[in-house]
Amino acid sequence: MIYCLFLHFSTALVSTAFADDGSAVRFGDVVRLALSEGPQARIVQAAAEVDVASAREDAAWQGNPELSAEVRPGEATVMVAVPVDLAVVARSGAAALERDAADLRASAGRAAVAAAAGAAYLDAVRAAQLSALAVDAENVAERLQLVVDARLGAGELGASEHALLRAEAADALDVALSRRRAADAASRRLGVLIGRDSAVQVGDWPDLAVPEALPEAEYLARAPAVLAADLEARAALKSLRAAELSRIPALSLTGGWVVDGQVGPVYGAALTLPLFAPGGARVAGARALADGREAESTLAQLDAGAAWTEARAELEIATRVAAAWQIPGLHDALDAAARRYAAGECALGGYVQERDLALSALEHAVEAQWRLQRARLALWELAGACPVENAR
């Protein structure tokens with residue numbers, strides 16, 4: 001009769017681990033909130049606006065016209081001096097490239113924000129499911145404790161075995177509380193990324209689409225980071241040209257009108273004497289910047305190619321591993337092991353071994369699903385696009 005106690009209390013176990021009561025946020029909601037309300041998206045947008053404003057400033061004409069007036073006895077002169085900016089065309093070309101690069105960086109930044117929020121969602125789901133498994137293990141230990149307490153009182157169980165089972169229950173409680181705290185921390189971290197000051201309840205795993213499997217060469221031709229680095233390298237070359245042009249002696253054209261006994265125009269020009277050879281250091285700095293940007297462009301291309309190849313390989317492995325862990329009946333194994341021990345069908349050692357194997361398998365299944373979703377998410381970030389969740 002006492003064995004029926006366990007059977008009575010074990011009707012609601014692992015099946016409740018992944019329940020969604022309808023109030024949880026979905027993956028797509030998290031991504032949209034991160035892009036529309038999250039502080040990281042605002043930081044990315046602000047940085048892009050700063051870069052664009054800086055490029056416009058660099059492209060502006062260096063020096064404004066100067067208006068002057070002079071009055072002498074019997075004569076009044078009004079003059080306008082206009083500096084000639086020989087480097088403005090080169091600077092304008094550099095600025096246009098820098099603005100395009102800023103747009104690409106902003107696009108990649110938004111994709112990174114979406115990926116960070118998506119990764120936080122996946123981390124929160126993993127933490128929540130591992131916590132649920134630990135709580136189920138704790139519940140099993142508590143219900144089994146009722147059985148062994150009764151068996152101890154009936155003289156059917158030794159004190160040492162009873163103490164060991166109590167230790168197992170204490171360990172299960174320890175793990176459950178730690179996992180619960182980890183799940184709460186993960187949900188709070190997710191809340192930060194979407195602009196919330198509280199924990200966010202998550203649902204189940206998303207059904208992420210897989211980005212197009214482009215060949216490496218075609219991917220590199222589209223990758224925002226690679227394109228932006230190339231534009232910045234080209235902009236640096238134009239900036240170098242502008243710095244070289246700025247070493248040419250500055251020319252200023254003047255024109256005006258004189259009113260005295262006779263009325264007529266006055267015009268002339270002024271040329272700066274490059275006595276101290278200014279601008280040499282500026283040219284050297286611009287040349288070094290151009291060399292550095294060219295190296296950064298090459299590095300970006302190599303990094304992107306390696307990352308794309310690695311990400312595709314990781315997705316293939318993660319897909320196979322996740323499929324292998326889709327094992328029917330895993331969620332019943334923990335309950336079944338405890339029921340067999342409660343019924344006296346196995347010894348303590350056998351129960352512990354079977355229980356640990358069941359818990360390990362369940363945790364591996366969660367980890368495999370997390371790895372698969374993170375592998376898909378990584379490809380979206382590399383492609384510079386927002387992750388897409390399939391409709392269910």
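**Strand pairs and ring pairs**

Trainee: Over how many bridges does β3 pair with strand β4 (residues 263–271)?
Mentor: This is a predicted model, where local features need pLDDT of at least 70, side-chain atom pairs count only at pLDDT 80 or more, and totals for chains, interfaces and linings use all residues. Residues are numbered from 1 along each chain as its sequence is written, and side-chain values use heavy atoms, leaving out hydrogens and water. Strands (E, at least two residues) and helices (H or I, at least four) are DSSP runs numbered from the N terminus, and two strands pair if DSSP finds at least two bridges between them. Here β3 and β4 are antiparallel, and their pairing spans nine bridges.

Trainee: Which residue of β3 stands opposite Met79?
Mentor: Strand β2 (residues 75–84) runs antiparallel to strand β3 (residues 251–259), with nine bridges between them. Opposite Met79, you will find Gly256.

Trainee: Why is the pair of Phe27 and Tyr121 edge-to-face?
Mentor: Rings of Phe, Tyr and Trp (its six-membered ring) pair if their centres lie within 6.5 Å; planes under 30 degrees apart are stacked, over 60 edge-to-face, the rest tilted. The Phe27 and Tyr121 centres are 5.7 Å apart, and the pair is edge-to-face because the planes meet at 85°.

Trainee: How many residues apart in sequence are the parts that Tyr219 and Trp308 tie together?
Mentor: These two rings are stacked, 4.1 Å centre to centre with 10° between the planes. Trp308 has 3% relative accessibility, so this residue counts as buried (under 20% relative accessible area; exposed is over 50%, partly exposed in between; 1.4 Å probe, protein chains only). Tyr219 is in helix α6 (residues 216–222) and Trp308 in helix α8 (residues 280–324), so the parts they tie together are apart by 89 residues.
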